[in-house]
Amino acid sequence: MSKRLAILGSTGSIGVNTLDVVRAHPDRYTVVALTAGKQVDRLAEQCIEFKPAIAVLSESADAAQLESFLRARGSQTQVLYGPDALVTAVTESGCDMVMAAIVGAAGLMPALAAAKSGKRVLLANKEALVMSGALFMQAMKAGGGELLPIDSEHNAIFQCLPNQFAKSPQASLGVEELWLTASGGPFRNTPIDQLDQITPEQACAHPNWVMGRKISVDSATMMNKGLEVIEAFWLFGLPLEKIKVLIHPQSVIHSMVRYRDGSVLAQLGQPDMRTPIAYGLAWPDRIDAGVAPLNLTQLAHLSFAEPDLERFPCLSLAFAAAKAGGTAPTVLNAANEIAVAAFLDAGLPYLKIPQVVEEVLSAMAVVGADSLETTLSVDAQARKAAQEYIHSL
Ligand code: NAD
Ligand code: MG
């Protein structure tokens, strides 16, 4: 029977790639909800093609525009707007699976709703897990649904872990370490004294992956890998010291698991998000993802190196926040979101991004992240502190 899918963030890079896989399998998947922030035209096209029951935009004026466009074309799609409507798209659309692909903390509430209601959650929105990992994992457990990581590294690790691992992460099953690979982004070799000149366009031009702007900047600073270490910590339940980062500029090995007996299992593939998306959609089956086969003889070589923490201070900040635990990752994530937005849209110099994050992390006391109220309030305070610090510069 066809599985019913809700896509949160359908107009973004992950959302569009998800629809590309779904388009090739009309007998397997039915799209029942699509959501976007502000991209009315793209969402309108998607609604005409996929005929969801519910479509959501952030603002009421945009929703009115979409509604009149759809009505004029005889579409039955119900158009809603605002943060609560994102939750409605999960709980009222009759979906079995939710692709959580909104960028940033804005995706937390609908992702939590999907977790609580026992859906299969395809998690791309790593910020949701970083800001509230304990709560999110508890919600998944209470809901009883399946959590499939879509982030390519975590999807790779999921594929390399034993099948039983997801059911009993406490039992080590011979797993010693997880190795998250990282391309090192566009500035891996840029002389350090030129980093202060970097523009948003340069930061968004990733050598191997085409992604949304926020994650592209995070990849350039390597904050992305830091967020991914925290994401892996929650997803796989291993101690932090067993989660390692390895620079691998070719982005062919998407991550690895080292076992006690000396075996290292790796997942290889093209740097194309349709592979992990198709894996999450079809698991435990495998379906065609529209991805070109990997040709290893055409690759000159695969290389590996330790990350340079002086070049990538955001990675150290993320390690420190992960180690501190509690609300520290919530603060890290919030300050980073504000700093990246200021770099992209308000002229904050590139090298000030880690400075903003460090300042806010050191200014805010770490407390236990044991309730949603605390998490949301710390997130709001950290955003405010980051804004104030940026204005003071
Ligand atoms: P993107 O910017 O291309 O798309 C983001 C989507 O979220 C869009 O549909 C946008 O309209 C929507 N959105 C943004 N702000 C919103 C708000 N306030 N309220 C409601 N909707 C909002 O981003 P992306 O590259 O697709 O990344 C999405 C998520 O997936 C991120 O968390 C990112 O870290 C993660 N991810 C992306 C990739 C990738 O290759 N793009 C890889 C791994 C993980
Ligand atoms: Mg990734």
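Lys 51 is placed in the loop between α2 (40-50) and β3 (54-57), where helices (H or I, at least four residues) and strands (E, at least two) are DSSP runs numbered from the N terminus. The model is predicted: local features require pLDDT of at least 70, side-chain atom pairs count only at pLDDT 80 or more, and totals for chains, interfaces and linings use all residues. Residues are numbered from 1 along each chain as its sequence is written, chains are lettered from A and ligands numbered from 1 in the order in which they are written, and side-chain values use heavy atoms, with hydrogens and water left out.

Although Lys 51 is not a glycine, its phi is positive, at about 50°. The residue is exposed, with a relative accessible area of 62%; buried denotes under 20% relative accessible area, exposed over 50%, and partly exposed the range in between (1.4 Å probe, protein chains only). A positive phi, near 70°, is also found at Met 222, a residue other than glycine. Met 222 lies in the loop between α10 (213-221) and α11 and counts as buried, at 2% relative accessibility. A cis peptide bond, with omega of about 5°, joins Trp 283 and Pro 284. Pro 284 belongs to the loop between α12 (274-282) and α13 (313-324).

Asp 151 is buried, at 7% relative accessibility, and Glu 153 is buried at 8%.

Glu 228 pairs with Lys 126 at 2.9 Å, N to O. This pair links helix α6 (residues 126-131), which holds Lys 126, to helix α11 (residues 223-236), which holds Glu 228, across 102 residues. Lys 126 and Glu 228 are both buried. Glu 153 is bridged to Lys 225, with the closest N and O atoms 2.7 Å apart. Here helix α8 (residues 152-160), with Glu 153, is linked to helix α11, with Lys 225, over 72 residues. Both members of this pair, Glu 153 and Lys 225, are likewise buried. Shared partners join Asp 20, Arg 23, Glu 49, Asp 272 and Arg 274 into one salt-bridge network.

In the whole structure, 22 salt bridges are found. One of them connects Arg 4 and Asp 96, whose closest N and O atoms are 3.0 Å apart. Arg 4 lies in strand β1 (residues 3-8) and Asp 96 in the loop between α4 (83-91) and β5 (97-100), so the pair ties together parts 92 residues apart in sequence. Arg 4 is partly exposed at 34% relative accessibility, as is Asp 96 at 26%.

The axes of helix α14 (residues 328-345) and helix α15 (residues 352-363) come within 9 Å and cross at roughly 145°. Axes are lines fitted to C-alpha atoms, for helices over the stretch in contact, and angles run from 0 to 180 degrees between N-to-C directions. Contacting residues (heavy atoms within 4.5 Å) include Val 331, Leu 332 and Phe 343 of α14 and Ile 353 and Val 356 of α15.

Conventions
Salt bridge = Lys/Arg side-chain N within 4 Å of Asp/Glu carboxyl O.
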